[in-house]
Amino acid sequence: MATTNPLQFIQQVRAEVSKIVWPTRREVLLTTVMVFIMAALTAVFFALVDLLIRSGLQGLLNLFG
């Protein structure tokens, strides 16, 4: 690996940073809303699975207990 002059390194970093495309305010808002929607759907899914498993286990224990 070749060593780079510190001045060249700074120039390369600035060149790479200039290539960054920042998201628009609308894109940030949409992705944030999507994250909240997906988190809510995931929470509902796992709550339903938990309820199903709990009901099944309670029924099984009542049957044998």
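**Figure 1. M34, a partly exposed residue of helix α2.** M34 counts as partly exposed, at 46% relative accessibility. This is a predicted model. M34 has its place in helix α2. The view also takes in L7. Along the chain, 27 residues separate M34 from L7.

**Figure 2. The protein chain as a whole, with two helices and zero strands.** The helices are α1, covering residues 6-17, and α2, covering residues 25-64. The C-alpha trace spans about 75 × 35 × 10 Å along its principal axes. How does the radius of gyration of the chain stand against that of a compact globule of 65 residues? The globule would have a value near 11 Å, but the protein chain has 27 Å. Burial tells its own story. Of the 65 residues, 0% count as buried. The cut-off for buried is under 20% relative accessible area. The chain exposes about 6,500 Å². Carbon and sulfur atoms supply 72% of that area.

**Figure 3. Residues 28-53, listed by UniProt as a transmembrane region.** The name "transmembrane region" comes from the UniProt record, an unreviewed entry, which gives it to residues 28-53. In the predicted model, this span is 100% helix and 0% strand. Its end C-alpha atoms lie 37 Å apart. Two further distances give a sense of scale. T32 and F45 are 13 residues apart along the chain, and 20 Å separates their C-alpha atoms. For T31 and R54, the sequence separation is 23 residues and the C-alpha separation is 34 Å.

**Figure 4. A nonpolar patch on the surface, built from six named residues.** The patch consists of F9, I10, V13, V17, I20 and W22. Together, these residues have about 630 Å² of accessible area. One of them, V17, lies in helix α1, which runs over residues 6-17.

**Figure 5. F45 and F46, an aromatic pair.** How many aromatic pairs does a search of the whole structure find? The search finds one. F45 and F46 form this pair. Their ring centres are 5.2 Å apart. The planes stand at 70 degrees to each other, and the pair is edge-to-face. That label applies because planes over 60 degrees apart count as edge-to-face. F45 is found in helix α2. The two residues fall in separate accessibility classes. F45 has a relative accessible area of 48% and is partly exposed. F46 has 52% and is exposed. The two values fall on either side of the cut-off, since exposed means over 50%.

**Figure 6. The salt bridge between E16 and K19.** The structure holds two salt bridges. Side chains of opposite charge can pair when their charged atoms come close. Here, the side chains of E16 and K19 meet, with 3.2 Å from N to O. E16 is partly exposed, with a relative accessible area of 48%. K19 counts as exposed, at 57% relative accessibility.

**Figure 7. The salt bridge between D50 and R54 in helix α2.** The side chains of D50 and R54 meet in a salt bridge, 3.7 Å from N to O. Where do D50 and R54 lie? Both are in helix α2, residues 25-64. They are four residues apart, about one turn of the helix. D50 counts as partly exposed, at 44% relative accessibility. R54 is also partly exposed, with a relative accessible area of 44%.

Methods. Residues are numbered from 1 along each chain as its sequence is written. This is a predicted model: local features need pLDDT of at least 70, side-chain atom pairs count only at pLDDT 80 or more; totals for chains, interfaces and linings use all residues. Side-chain values use heavy atoms; hydrogens and water are left out. UniProt positions are given in the numbering used here, feature names are shortened, and annotations may be inferred rather than shown by experiment. Patches are made of residues with over 30% relative accessible area and no salt bridge: like charges are joined within 9 Å, nonpolar side chains (Val, Leu, Ile, Met, Phe, Trp, Tyr) within 5 Å. Accessible areas come from the Shrake-Rupley method with a 1.4 Å probe; for residues, only the protein chains shown count as cover. A salt bridge is a side-chain nitrogen of Lys or Arg within 4 Å of a carboxyl oxygen of Asp or Glu. The radius of gyration is taken over C-alpha atoms; the globule rule is 2.2 Å times the number of residues to the power 0.38. Buried means under 20% relative accessible area, exposed over 50%, partly exposed in between (1.4 Å probe, protein chains only). Rings of Phe, Tyr and Trp (its six-membered ring) pair if their centres lie within 6.5 Å; planes under 30 degrees apart count as stacked, over 60 as edge-to-face and the rest as tilted.
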